[in-house]
Amino acid sequence: MRKTGTVISQSWLSEGGAADVVAALMAQGGTARFVGGCVRDALAGRTVRDIDIATDQKPEAVIQLLQDAKLKAIPTGIEHGTVTAVARGRPFEVTTLRVDVETDGRRAVVAFTDDWAEDASRRDFTMNALYCDRDGTVYDPVGGVDDLQAHHVRFIGDASRRIEEDALRILRFFRFHAWYGAGPMNDEGLAACRDRRDDLDRLSVERVRAEMLRLLEAPAPMATLRVMAESGVLQLVLPEACAPHCLERLLEIGEGDALLRLASLTCRRADVLTGLADRWKLSGKDKVRLRRMAAGETEIATGLTDAEARAQVYWLGAERFRDLALLEWASDGQDRQWLVALAEAWSAPSFPVRGADLVGHGIPAGERVGKLLRALERQWVDEGFEPSRAELLARIDSLD
Ligand code: ATP
Ligand code: MG
(Lines give C-alpha, C1' and ligand atoms only; values in the text may rest on other atoms or scores of the structure.)
(Ligands and ions follow the chains in the order given, each with its own letter.)
Protein backbone atom coordinates (compact mmCIF):
# COMPACT_ATOMS: atom_id res chain seq x y z
CA MET A 1 0.00 0.00 0.00
CA ARG A 2 1.15 3.54 -0.80
CA LYS A 3 3.44 5.02 1.83
CA THR A 4 3.34 8.77 2.05
CA GLY A 5 6.81 9.62 3.21
CA THR A 6 5.00 11.23 6.11
CA VAL A 7 6.10 9.89 9.46
CA ILE A 8 4.38 10.39 12.78
CA SER A 9 6.54 10.46 15.87
CA GLN A 10 4.40 10.21 18.97
CA SER A 11 5.08 8.07 21.98
CA TRP A 12 1.81 6.07 21.90
CA LEU A 13 3.01 4.40 18.67
CA SER A 14 5.79 2.52 20.36
CA GLU A 15 5.10 2.67 24.09
CA GLY A 16 2.07 1.88 26.19
CA GLY A 17 -1.00 -0.26 25.72
CA ALA A 18 -1.61 0.44 22.03
CA ALA A 19 1.92 -0.66 21.15
CA ASP A 20 1.47 -3.83 23.26
CA VAL A 21 -1.66 -4.70 21.26
CA VAL A 22 0.04 -4.15 17.89
CA ALA A 23 3.04 -6.23 18.98
CA ALA A 24 0.73 -9.07 20.08
CA LEU A 25 -1.13 -9.01 16.75
CA MET A 26 2.15 -9.15 14.78
CA ALA A 27 3.72 -11.94 16.85
CA GLN A 28 2.87 -14.67 14.29
CA GLY A 29 3.78 -12.79 11.12
CA GLY A 30 0.55 -10.81 10.72
CA THR A 31 0.28 -7.05 10.23
CA ALA A 32 -1.48 -4.54 12.45
CA ARG A 33 -1.65 -0.79 11.96
CA PHE A 34 -3.19 2.18 13.69
CA VAL A 35 -6.13 3.53 11.72
CA GLY A 36 -8.69 6.30 11.46
CA GLY A 37 -9.09 9.06 14.00
CA CYS A 38 -5.82 8.52 15.86
CA VAL A 39 -3.72 8.83 12.69
CA ARG A 40 -5.79 11.75 11.40
CA ASP A 41 -5.52 13.63 14.69
CA ALA A 42 -1.81 12.95 15.08
CA LEU A 43 -1.24 14.38 11.58
CA ALA A 44 -3.49 17.35 12.28
CA GLY A 45 -1.60 18.12 15.49
CA ARG A 46 -4.66 17.43 17.64
CA THR A 47 -4.94 15.43 20.81
CA VAL A 48 -5.26 11.74 20.02
CA ARG A 49 -8.16 10.23 21.94
CA ASP A 50 -9.20 6.64 21.31
CA ILE A 51 -6.77 4.51 19.34
CA ASP A 52 -8.21 2.06 16.78
CA ILE A 53 -6.19 -0.73 15.19
CA ALA A 54 -6.72 -2.59 11.89
CA THR A 55 -5.24 -6.01 11.22
CA ASP A 56 -5.13 -8.69 8.54
CA GLN A 57 -5.68 -11.31 11.24
CA LYS A 58 -9.18 -12.85 11.40
CA PRO A 59 -11.22 -12.19 14.58
CA GLU A 60 -10.65 -15.68 16.09
CA ALA A 61 -6.90 -15.30 15.52
CA VAL A 62 -7.03 -11.80 17.04
CA ILE A 63 -8.54 -13.23 20.22
CA GLN A 64 -5.91 -16.00 20.33
CA LEU A 65 -2.98 -13.64 19.70
CA LEU A 66 -4.18 -11.24 22.41
CA GLN A 67 -4.62 -14.06 24.91
CA ASP A 68 -1.16 -15.46 24.02
CA ALA A 69 0.24 -12.04 24.97
CA LYS A 70 -1.77 -12.10 28.23
CA LEU A 71 -4.03 -9.28 27.05
CA LYS A 72 -7.75 -9.27 27.61
CA ALA A 73 -9.90 -9.79 24.50
CA ILE A 74 -13.60 -8.88 24.46
CA PRO A 75 -15.60 -9.90 21.36
CA THR A 76 -17.57 -6.63 21.23
CA GLY A 77 -18.64 -6.71 17.59
CA ILE A 78 -17.22 -9.97 16.40
CA GLU A 79 -19.64 -10.36 13.47
CA HIS A 80 -18.25 -7.10 12.10
CA GLY A 81 -14.72 -8.15 12.90
CA THR A 82 -14.23 -6.01 16.01
CA VAL A 83 -12.55 -7.24 19.17
CA THR A 84 -11.77 -4.93 22.07
CA ALA A 85 -8.29 -5.48 23.44
CA VAL A 86 -7.51 -4.24 26.93
CA ALA A 87 -3.89 -3.38 27.62
CA ARG A 88 -2.55 -1.53 30.65
CA GLY A 89 -6.14 -0.84 31.69
CA ARG A 90 -7.11 0.87 28.43
CA PRO A 91 -9.43 -0.46 25.70
CA PHE A 92 -8.41 -0.55 22.03
CA GLU A 93 -10.70 -1.54 19.19
CA VAL A 94 -9.11 -4.06 16.87
CA THR A 95 -10.94 -4.56 13.58
CA THR A 96 -10.08 -7.13 10.93
CA LEU A 97 -9.65 -5.73 7.41
CA ARG A 98 -13.04 -6.00 5.79
CA VAL A 99 -15.34 -5.05 2.96
CA ASP A 100 -19.04 -4.36 3.33
CA VAL A 101 -20.74 -6.81 0.96
CA GLU A 102 -24.31 -5.88 1.66
CA THR A 103 -25.78 -2.78 3.23
CA ASP A 104 -29.31 -1.71 4.00
CA GLY A 105 -28.63 1.91 4.77
CA ARG A 106 -27.90 1.18 8.41
CA ARG A 107 -25.77 -1.88 9.01
CA ALA A 108 -23.62 -4.03 6.81
CA VAL A 109 -22.95 -7.69 6.14
CA VAL A 110 -19.19 -7.90 6.01
CA ALA A 111 -16.51 -10.11 4.47
CA PHE A 112 -12.95 -10.18 5.75
CA THR A 113 -10.05 -9.46 3.43
CA ASP A 114 -6.30 -9.08 3.61
CA ASP A 115 -6.31 -6.18 1.19
CA TRP A 116 -5.63 -2.86 2.95
CA ALA A 117 -6.91 -0.82 0.01
CA GLU A 118 -10.23 -2.65 0.13
CA ASP A 119 -10.52 -1.91 3.84
CA ALA A 120 -9.83 1.75 3.10
CA SER A 121 -12.54 1.94 0.47
CA ARG A 122 -15.32 0.91 2.87
CA ARG A 123 -14.49 3.81 5.22
CA ASP A 124 -16.34 7.11 4.96
CA PHE A 125 -13.95 10.00 4.25
CA THR A 126 -10.46 10.13 2.83
CA MET A 127 -9.05 11.66 6.03
CA ASN A 128 -10.50 8.72 8.00
CA ALA A 129 -8.77 6.08 5.85
CA LEU A 130 -5.22 6.71 7.05
CA TYR A 131 -3.10 3.92 8.50
CA CYS A 132 0.14 4.04 10.37
CA ASP A 133 2.76 1.44 11.33
CA ARG A 134 4.17 1.32 14.81
CA ASP A 135 7.35 2.98 13.47
CA GLY A 136 5.20 5.95 12.42
CA THR A 137 5.11 5.30 8.64
CA VAL A 138 1.82 6.63 7.27
CA TYR A 139 -0.15 4.82 4.54
CA ASP A 140 -2.64 6.84 2.57
CA PRO A 141 -4.50 4.73 -0.02
CA VAL A 142 -7.13 7.35 -0.96
CA GLY A 143 -5.41 10.71 -0.64
CA GLY A 144 -6.50 11.57 2.89
CA VAL A 145 -3.34 13.44 3.90
CA ASP A 146 -3.77 16.09 1.21
CA ASP A 147 -7.45 16.48 2.02
CA LEU A 148 -6.72 16.77 5.73
CA GLN A 149 -4.16 19.49 5.06
CA ALA A 150 -6.58 21.25 2.73
CA HIS A 151 -9.33 21.00 5.39
CA HIS A 152 -11.43 19.20 2.82
CA VAL A 153 -13.83 16.48 3.93
CA ARG A 154 -14.35 14.18 0.96
CA PHE A 155 -16.28 10.95 0.60
CA ILE A 156 -14.34 7.94 -0.59
CA GLY A 157 -15.89 6.93 -3.91
CA ASP A 158 -19.30 8.03 -5.12
CA ALA A 159 -20.86 10.18 -2.38
CA SER A 160 -24.44 9.30 -3.21
CA ARG A 161 -23.76 5.56 -3.18
CA ARG A 162 -21.84 5.82 0.07
CA ILE A 163 -24.83 7.57 1.67
CA GLU A 164 -27.21 4.98 0.26
CA GLU A 165 -25.11 2.36 2.08
CA ASP A 166 -25.27 4.24 5.38
CA ALA A 167 -27.28 7.42 5.83
CA LEU A 168 -25.38 8.31 9.00
CA ARG A 169 -22.60 9.45 6.68
CA ILE A 170 -24.74 12.53 5.91
CA LEU A 171 -24.41 13.67 9.52
CA ARG A 172 -20.79 12.53 9.74
CA PHE A 173 -20.00 14.64 6.67
CA PHE A 174 -21.26 17.75 8.48
CA ARG A 175 -19.71 16.72 11.79
CA PHE A 176 -16.26 16.19 10.28
CA HIS A 177 -16.53 19.42 8.33
CA ALA A 178 -17.30 21.28 11.56
CA TRP A 179 -14.19 19.80 13.18
CA TYR A 180 -11.69 19.51 10.31
CA GLY A 181 -13.07 21.48 7.40
CA ALA A 182 -12.60 25.08 6.30
CA GLY A 183 -14.12 27.02 3.45
CA PRO A 184 -16.86 25.64 1.24
CA MET A 185 -17.86 22.03 1.68
CA ASN A 186 -17.12 19.47 -0.99
CA ASP A 187 -19.71 20.10 -3.75
CA GLU A 188 -20.39 16.51 -4.67
CA GLY A 189 -20.70 15.44 -1.04
CA LEU A 190 -23.02 18.29 -0.18
CA ALA A 191 -25.26 17.70 -3.20
CA ALA A 192 -25.51 14.00 -2.28
CA CYS A 193 -26.43 14.85 1.31
CA ARG A 194 -29.13 17.20 0.07
CA ASP A 195 -30.53 14.71 -2.43
CA ARG A 196 -30.52 11.76 -0.08
CA ARG A 197 -31.63 13.57 3.07
CA ASP A 198 -34.84 11.56 3.35
CA ASP A 199 -32.69 8.47 4.02
CA LEU A 200 -32.08 9.95 7.47
CA ASP A 201 -35.39 8.65 8.76
CA ARG A 202 -34.00 5.10 8.66
CA LEU A 203 -31.44 5.87 11.34
CA SER A 204 -31.76 5.07 15.02
CA VAL A 205 -32.09 8.09 17.29
CA GLU A 206 -29.03 7.00 19.23
CA ARG A 207 -26.78 7.33 16.16
CA VAL A 208 -28.37 10.65 15.16
CA ARG A 209 -28.04 12.03 18.68
CA ALA A 210 -24.39 11.00 19.00
CA GLU A 211 -23.41 12.67 15.71
CA MET A 212 -25.41 15.82 16.39
CA LEU A 213 -23.99 16.31 19.87
CA ARG A 214 -20.46 15.79 18.52
CA LEU A 215 -21.18 18.36 15.82
CA LEU A 216 -22.50 20.88 18.34
CA GLU A 217 -19.34 20.41 20.42
CA ALA A 218 -17.08 21.57 17.60
CA PRO A 219 -15.20 24.81 18.35
CA ALA A 220 -17.12 26.78 15.68
CA PRO A 221 -20.09 24.80 14.38
CA MET A 222 -22.16 27.76 13.15
CA ALA A 223 -21.14 27.80 9.49
CA THR A 224 -21.70 24.06 9.18
CA LEU A 225 -25.13 24.28 10.82
CA ARG A 226 -26.11 26.99 8.36
CA VAL A 227 -25.19 24.79 5.41
CA MET A 228 -27.07 21.93 7.05
CA ALA A 229 -30.15 24.12 7.27
CA GLU A 230 -29.78 25.34 3.67
CA SER A 231 -29.64 21.77 2.46
CA GLY A 232 -32.76 20.78 4.40
CA VAL A 233 -30.89 18.29 6.56
CA LEU A 234 -31.06 20.15 9.86
CA GLN A 235 -34.86 20.45 9.76
CA LEU A 236 -35.16 16.67 9.45
CA VAL A 237 -32.98 15.74 12.40
CA LEU A 238 -33.59 18.79 14.57
CA PRO A 239 -36.86 20.49 13.58
CA GLU A 240 -36.66 22.38 16.90
CA ALA A 241 -33.69 24.41 15.63
CA CYS A 242 -35.23 27.83 15.09
CA ALA A 243 -32.88 30.26 16.82
CA PRO A 244 -29.49 30.16 15.06
CA HIS A 245 -28.88 33.77 16.16
CA CYS A 246 -28.96 32.68 19.82
CA LEU A 247 -26.45 29.89 19.27
CA GLU A 248 -24.31 32.33 17.33
CA ARG A 249 -24.27 34.72 20.28
CA LEU A 250 -23.56 31.90 22.72
CA LEU A 251 -20.56 30.95 20.61
CA GLU A 252 -19.41 34.57 20.56
CA ILE A 253 -19.69 34.61 24.34
CA GLY A 254 -17.36 31.64 24.12
CA GLU A 255 -19.30 29.25 26.31
CA GLY A 256 -21.49 26.23 26.17
CA ASP A 257 -21.22 22.47 26.02
CA ALA A 258 -23.28 20.48 23.53
CA LEU A 259 -26.46 20.47 25.60
CA LEU A 260 -26.44 24.22 26.27
CA ARG A 261 -25.74 24.89 22.61
CA LEU A 262 -28.60 22.56 21.69
CA ALA A 263 -31.04 24.42 23.94
CA SER A 264 -29.92 27.78 22.58
CA LEU A 265 -30.87 26.67 19.07
CA THR A 266 -34.48 26.12 20.09
CA CYS A 267 -37.29 28.44 21.20
CA ARG A 268 -36.69 27.00 24.73
CA ARG A 269 -40.33 26.25 25.32
CA ALA A 270 -40.67 23.68 28.08
CA ASP A 271 -42.76 21.27 25.98
CA VAL A 272 -40.34 21.53 23.05
CA LEU A 273 -37.32 20.78 25.23
CA THR A 274 -39.11 17.89 26.91
CA GLY A 275 -40.11 16.47 23.53
CA LEU A 276 -36.56 16.72 22.23
CA ALA A 277 -35.08 15.14 25.36
CA ASP A 278 -37.53 12.24 25.02
CA ARG A 279 -37.06 11.78 21.29
CA TRP A 280 -33.28 11.69 21.60
CA LYS A 281 -33.51 9.39 24.62
CA LEU A 282 -31.11 11.53 26.61
CA SER A 283 -29.86 10.19 29.92
CA GLY A 284 -32.02 10.97 32.96
CA LYS A 285 -29.58 13.64 34.08
CA ASP A 286 -29.40 15.33 30.68
CA LYS A 287 -33.18 15.20 30.30
CA VAL A 288 -33.64 17.07 33.56
CA ARG A 289 -30.93 19.58 32.70
CA LEU A 290 -32.34 20.30 29.23
CA ARG A 291 -35.88 20.70 30.55
CA ARG A 292 -34.65 23.15 33.14
CA MET A 293 -33.16 25.30 30.43
CA ALA A 294 -36.67 26.34 29.41
CA ALA A 295 -37.27 30.09 29.19
CA GLY A 296 -39.81 31.96 31.21
CA GLU A 297 -40.20 30.41 34.62
CA THR A 298 -37.15 32.00 36.10
CA GLU A 299 -35.24 34.95 34.81
CA ILE A 300 -31.68 35.82 35.57
CA ALA A 301 -32.13 39.56 35.35
CA THR A 302 -29.13 41.73 34.56
CA GLY A 303 -30.13 44.21 37.26
CA LEU A 304 -29.87 41.77 40.17
CA THR A 305 -27.98 42.92 43.23
CA ASP A 306 -25.20 40.70 44.48
CA ALA A 307 -27.38 39.46 47.34
CA GLU A 308 -30.32 38.73 45.04
CA ALA A 309 -28.05 36.86 42.66
CA ARG A 310 -26.64 34.72 45.48
CA ALA A 311 -30.14 33.91 46.67
CA GLN A 312 -31.05 32.84 43.16
CA VAL A 313 -27.95 30.67 42.80
CA TYR A 314 -28.99 29.03 46.06
CA TRP A 315 -32.56 28.31 44.96
CA LEU A 316 -31.81 27.24 41.42
CA GLY A 317 -28.53 25.47 41.97
CA ALA A 318 -25.31 26.74 40.40
CA GLU A 319 -25.56 24.68 37.22
CA ARG A 320 -29.07 25.75 36.37
CA PHE A 321 -28.37 29.37 37.25
CA ARG A 322 -25.31 29.37 35.00
CA ASP A 323 -27.15 27.64 32.15
CA LEU A 324 -30.00 30.15 32.32
CA ALA A 325 -27.71 33.16 32.65
CA LEU A 326 -25.83 32.11 29.51
CA LEU A 327 -28.98 31.30 27.56
CA GLU A 328 -30.61 34.60 28.45
CA TRP A 329 -27.43 36.48 27.60
CA ALA A 330 -27.37 34.67 24.25
CA SER A 331 -31.00 35.50 23.72
CA ASP A 332 -31.19 39.22 24.60
CA GLY A 333 -27.54 40.14 24.20
CA GLN A 334 -27.27 41.69 27.66
CA ASP A 335 -23.97 40.83 29.28
CA ARG A 336 -24.29 38.49 32.24
CA GLN A 337 -20.62 37.72 32.71
CA TRP A 338 -20.56 38.52 36.43
CA LEU A 339 -23.55 36.28 37.04
CA VAL A 340 -21.91 33.39 35.19
CA ALA A 341 -18.72 33.99 37.14
CA LEU A 342 -20.65 34.06 40.41
CA ALA A 343 -22.25 30.69 39.68
CA GLU A 344 -18.84 29.22 38.90
CA ALA A 345 -16.92 30.68 41.80
CA TRP A 346 -19.34 30.83 44.71
CA SER A 347 -20.50 27.78 46.55
CA ALA A 348 -23.68 28.34 48.50
CA PRO A 349 -23.61 27.41 52.19
CA SER A 350 -25.92 24.63 53.30
CA PHE A 351 -28.98 25.40 55.38
CA PRO A 352 -28.04 24.65 58.99
CA VAL A 353 -31.45 23.56 60.32
CA ARG A 354 -33.01 20.08 59.92
CA GLY A 355 -36.55 18.85 60.46
CA ALA A 356 -35.32 16.90 63.46
CA ASP A 357 -34.31 20.18 65.10
CA LEU A 358 -37.90 21.36 64.91
CA VAL A 359 -39.25 18.10 66.25
CA GLY A 360 -36.69 18.35 69.05
CA HIS A 361 -38.12 21.79 69.75
CA GLY A 362 -41.56 20.30 70.39
CA ILE A 363 -43.19 20.67 66.96
CA PRO A 364 -45.07 17.44 66.28
CA ALA A 365 -43.73 15.51 63.28
CA GLY A 366 -45.95 16.24 60.28
CA GLU A 367 -46.67 18.73 57.52
CA ARG A 368 -46.12 21.75 59.76
CA VAL A 369 -42.44 20.81 60.18
CA GLY A 370 -41.86 21.14 56.46
CA LYS A 371 -43.76 24.43 56.31
CA LEU A 372 -41.81 25.96 59.18
CA LEU A 373 -38.55 24.68 57.82
CA ARG A 374 -39.21 26.33 54.48
CA ALA A 375 -40.15 29.59 56.18
CA LEU A 376 -36.90 29.57 58.17
CA GLU A 377 -34.89 28.75 55.07
CA ARG A 378 -36.46 31.66 53.21
CA GLN A 379 -35.56 34.04 56.03
CA TRP A 380 -32.02 32.67 56.17
CA VAL A 381 -31.52 33.19 52.42
CA ASP A 382 -33.20 36.63 52.41
CA GLU A 383 -30.88 37.72 55.23
CA GLY A 384 -27.82 36.79 53.19
CA PHE A 385 -27.25 33.35 54.77
CA GLU A 386 -26.18 35.24 57.89
CA PRO A 387 -28.40 33.94 60.71
CA SER A 388 -26.76 31.11 62.61
CA ARG A 389 -28.38 27.83 63.48
CA ALA A 390 -29.02 29.01 67.06
CA GLU A 391 -30.57 32.28 65.86
CA LEU A 392 -32.85 30.41 63.52
CA LEU A 393 -33.92 27.91 66.16
CA ALA A 394 -34.76 30.80 68.50
CA ARG A 395 -37.25 32.08 65.91
CA ILE A 396 -39.32 28.91 65.76
CA ASP A 397 -41.90 30.05 68.30
CA SER A 398 -42.50 33.33 66.53
CA LEU A 399 -43.16 31.60 63.20
CA ASP A 400 -46.59 30.72 62.02
P1 ATP B 1 -13.53 10.27 16.45
O2 ATP B 1 -13.43 9.02 17.32
O3 ATP B 1 -12.61 11.36 16.79
O4 ATP B 1 -14.93 10.71 16.28
P5 ATP B 1 -12.90 8.48 14.35
O6 ATP B 1 -12.38 8.69 12.97
O7 ATP B 1 -12.13 7.57 15.24
O8 ATP B 1 -13.10 9.88 14.98
P9 ATP B 1 -15.11 6.72 14.74
O10 ATP B 1 -16.57 7.02 14.64
O11 ATP B 1 -14.52 6.29 16.02
O12 ATP B 1 -14.39 8.00 14.17
O13 ATP B 1 -14.82 5.60 13.63
C14 ATP B 1 -13.54 5.04 13.43
C15 ATP B 1 -13.28 4.87 11.93
O16 ATP B 1 -14.23 3.96 11.37
C17 ATP B 1 -13.42 6.14 11.12
O18 ATP B 1 -12.22 6.87 11.10
C19 ATP B 1 -13.80 5.61 9.77
O20 ATP B 1 -12.67 5.16 9.07
C21 ATP B 1 -14.64 4.40 10.09
N22 ATP B 1 -16.09 4.69 10.19
C23 ATP B 1 -16.79 4.99 11.31
N24 ATP B 1 -18.10 5.17 11.04
C25 ATP B 1 -18.24 4.97 9.72
C26 ATP B 1 -19.35 4.98 8.84
N27 ATP B 1 -20.58 5.27 9.26
N28 ATP B 1 -19.11 4.70 7.53
C29 ATP B 1 -17.87 4.41 7.09
N30 ATP B 1 -16.79 4.38 7.86
C31 ATP B 1 -16.95 4.65 9.16
MG1 MG C 1 -12.76 6.85 17.13
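**View 1. Helix 3 against the sheet.** Helix 3 (residues 59–68) lies across strand 3 (52–55), strand 4, strand 5 and strand 6 (90–96), and it runs at about 10° to strand 5. Helices (H or I, at least four residues) and strands (E, at least two) are DSSP runs, numbered from the N terminus, contact means heavy atoms within 4.5 Å, and axes are lines fitted to C-alpha atoms, for helices over the stretch in contact, with angles running from 0 to 180 degrees between N-to-C directions. This is a predicted model, in which local features need pLDDT of at least 70 and side-chain atom pairs count only at pLDDT 80 or more, while totals for chains, interfaces and linings use all residues. Residues are numbered from 1 along each chain as its sequence is written, chains are lettered from A and ligands numbered from 1 in the order in which they are written, and side-chain values use heavy atoms, with hydrogens and water left out.

View 2. Eight strands form an open sheet in the order 1-10-9-2-3-6-5-4, with mixed pairing. Strand 1 (3–7) and strand 4 (72–77) stand at the edges with a single partner strand each, so one side of each is left without a neighbour in the sheet. Two strands count as paired if DSSP finds at least two bridges between them.

View 3. Strand 4 and strand 5 (residues 82–87) pair in the antiparallel sense over four bridges, and Ile-74 has Thr-84 in strand 5 as its bridge partner. Strand 5 in turn pairs with strand 6 in the antiparallel sense over six bridges, where Val-83 has Val-94 as its bridge partner in strand 6. The hairpin of strand 5 and strand 6 has two residues between the strands, and in this hairpin Arg-88 takes a positive phi near 50°. Strand 3 and strand 6, by contrast, pair in the parallel sense over four bridges, and Ile-53 stands opposite Val-94 in strand 6.

**View 4. An aromatic pair.** The structure holds 14 aromatic pairs. In one of them, the rings of Trp-116 and Tyr-131 have their centres 5.5 Å apart and their planes at 85°, so the pair is edge-to-face. Trp-116 lies in helix 4 (residues 116–121) and Tyr-131 in strand 9 (residues 131–132), so the pair ties together parts that are 15 residues apart in sequence. Rings of Phe, Tyr and Trp (its six-membered ring) pair if their centres lie within 6.5 Å, and planes under 30 degrees apart count as stacked, over 60 as edge-to-face and the rest as tilted.

**View 5. Helix 17 beside helix 18.** The axes of helix 17 (residues 318–332) and helix 18 (residues 337–345) come within 9 Å and cross at roughly 165°. That makes helix 17 roughly antiparallel to helix 18, where angles under 35 degrees count as roughly parallel, over 145 as roughly antiparallel, 65 to 115 as roughly perpendicular and the rest as oblique. Residues of helix 17 including Phe-321 and Trp-329 belong to the contact, as do residues of helix 18 including Leu-339 and Val-340.

**View 6. Helix 12 and helix 13.** Helix 12 (residues 244–253) and helix 13 (residues 258–265) pack at an angle of about 145°, with their axes 7 Å apart. Pro-244, Cys-246, Leu-247, Leu-250 and Leu-251 in helix 12 meet Leu-260, Arg-261, Ser-264 and Leu-265 in helix 13.
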